[in-house]
Amino acid sequence: MGLFDNAVPGGNVAKPLMIALGALLVGKMLSGGSSAQPEAAQSPAPVPADTTASADGGLLGGLGGLLDKLKDAGHGNVANSWVGTGQNQPINPSDLGSALGPQIIQEIAQRTGLNQQELLQQLSAALPGLVDHLTPNGQVPQQNQLASIFSKFAS
């Protein structure tokens with residue numbers, strides 16, 4: 001599967017986790033459906049006003065928004081380790097949940113069919129390697145680059 005072979009533990013990403021990652025990073029994958037369908041067609045729940053969501057940037061406004069949420073919640077060193085070239089620091093599932101906020105977690109859990117605890121377990125295991133893989137030069141990719149990368153693996 002390329003992107004996930006070395007980025008995610010085990011390299012095997014189940015569809016619910018793919019939907020969750022897409023919901024966080026690439027808005028058109030929020031519904032878990034075809035990228036040709038706008039997410040509004042799926043009637044998603046309203047996005048909380050405290051997020052920086054954009055039409056194509058997922059619930060948090062893309063990878064940059066995710067990193068900002070982590071930094072704002074006091075996990076800047078962890079987030080920076082994923083982007084930087086050193087060892088990726090782990091994040092505790094409950095810390096990730098607190099950083100993302102209950103509304104975001106509830107929305108993604110609803111979309112994936114996972115319970116919130118399982119969702120946070122999977123995201124906390126997958127995000128460090130995935131973010132590291134997406135930022136090989138310590139640079140956050142443009143949103144259209146993320147959308148292109150995820151669209152290859154969404155089917």
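P128 sits in helix α7. Keep in mind that this is a predicted model.

**P128 and its surroundings**
- With a relative accessibility of 9%, P128 falls under the 20% cut-off, so it counts as buried.
- Leaving aside residues up to four places away in sequence, P128 touches W82, N88, Q89 and L123.
- P90 is 38 residues away from P128 along the chain, yet their C-alpha atoms are separated by 6.7 Å.

**The nonpolar core**
- The largest nonpolar core is made of 38 residues, and L24, L25, L66, L123, L127 and F150 have the most contacts inside it.
- Two or more residues of this core come from each of α2, α3 (62–72), α4 (76–83), α5 (93–100), α6 (102–112), α7 (116–134) and α8 (143–153).
- As background, nonpolar side chains in soluble globular proteins tend to be buried together.

**Helix α2**
- Helix α2 covers residues 15–25, and nine of its 11 residues are buried, so the rest of the structure largely encloses it.
- The buried ones are L17, M18, I19, A20, L21, G22, A23, L24 and L25.

**H75, in a loop**
- You'll find H75 in the loop between α3 and α4.
- H75 counts as buried because its relative accessibility is 15%, with buried meaning under 20%.
- Not counting residues up to four places away in sequence, H75 touches L70, I91, D95 and A99.

How values were computed:
Residues numbered from 1 in each chain as written. Predicted model: local features only at pLDDT ≥ 70, side-chain atom pairs only at ≥ 80, totals over all residues. Heavy atoms only, no water. Buried < 20%, exposed > 50% of the residue type's maximum accessible area, 1.4 Å probe, protein only. Helix = DSSP H or I, 4+ residues; strand = E, 2+ residues; numbered from the N terminus. Core = buried A, V, L, I, M, F, W, Y, C linked by side-chain atoms within 4.5 Å. Contact = heavy atoms within 4.5 Å.
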